Amino acid sequence: MNHNHIIGYATLALKNLGYSKDEIWKVIHEMHRLFDFKSEEEAAEQADSFLREDS
């Protein structure tokens, strides 16, 4: 499975929000780790649940 488009969108979003290259690389490395340990369904469910939580 090729996740380059996902990394590309994330990189551009973080760049547009003013993140440094070092911060962006940290996110990319974490994303690669998550690709190995979470299914697409698990990632979607957990992200949705997190975003719906009350702060």
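Let me start with a definition: helices here are DSSP runs of H or I with at least four residues, strands are runs of E with at least two, and both are numbered from the N terminus. Now, what you're seeing is a predicted model, so to speak: local features need pLDDT of at least 70, side-chain atom pairs count only at pLDDT 80 or more, and totals for chains, interfaces and linings use all residues. Residues are numbered from 1 along each chain as its sequence is written, and side-chain values use heavy atoms, with hydrogens and water left out.

Okay, the overall picture. The protein chain has 3 helices and 0 strands, and along the sequence that reads α-α-α. The C-alpha trace spans about 30 × 30 × 15 Å along its principal axes.

How much of the protein chain counts as buried? Buried means under 20% relative accessible area, exposed means over 50%, and partly exposed is in between, using a 1.4 Å probe and protein chains only. On that scale, 13% of the 55 residues count as buried.

There's also a record to mention. An unreviewed UniProt entry carries the annotation "domain: Holliday junction DNA helicase RuvA C-terminal" for residues 10-38. A word of caution there: UniProt positions are given in the numbering used here, feature names are shortened, and annotations may be inferred rather than shown by experiment. In the model, that span is 83% helix and 0% strand, and its end C-alpha atoms lie 17 Å apart.

Let's go to helix α1, which runs over residues 4-16.

Now look at which way its residues face. Ile7, Ala10 and Leu14 are the buried ones to look at in α1. Seen down the axis, the buried residues of α1 fall within an arc of 65°, so they line one face of the helix. That arc is taken from the directions from the helix axis to the C-beta atoms. On the other side of α1, Asn4, Tyr9, Lys15 and Asn16 are exposed. Just after α1, glycine 18 takes a positive phi of about 95°.

So what covers the buried residues of α1? Part of the answer is α2, residues 21-37. That takes us to the core. A nonpolar core is a set of buried Ala, Val, Leu, Ile, Met, Phe, Trp, Tyr and Cys residues joined through side-chain atoms within 4.5 Å. The largest one here has 6 residues: Ile7, Ala10, Leu14, Ile24, Ile28 and Met31. The elements giving two or more residues to this core are α1 and α2. As background, nonpolar side chains tend to be buried together in soluble globular proteins.

Take methionine 31 as an example, which lies in helix α2. Methionine 31 is buried, with a relative accessible area of 17%. Leaving aside neighbours within four places in sequence, methionine 31 is in contact (heavy atoms within 4.5 Å) with Ile6, Ile7 and Ala10. Methionine 31 and alanine 10 are 21 residues apart along the chain, and their C-alpha atoms are separated by 9.5 Å.

Last topic: charges. How many salt bridges does a search of the whole structure find? A salt bridge is a side-chain nitrogen of Lys or Arg within 4 Å of a carboxyl oxygen of Asp or Glu. The search finds 3.

Lysine 26 counts as exposed, at 56% relative accessibility.

Also in α2, glutamate 30 and arginine 33 are 3 residues apart, about one turn of the helix. Their closest N and O atoms are 2.8 Å apart. Glutamate 30 is partly exposed at 35%, and arginine 33 is partly exposed at 41%.

Then there's helix α3, residues 40-52, where aspartate 48 and arginine 52 are 4 residues apart. Their salt bridge has its closest N and O atoms 2.9 Å apart. Aspartate 48 is partly exposed at 38% relative accessibility, whereas arginine 52 is exposed at 64%.
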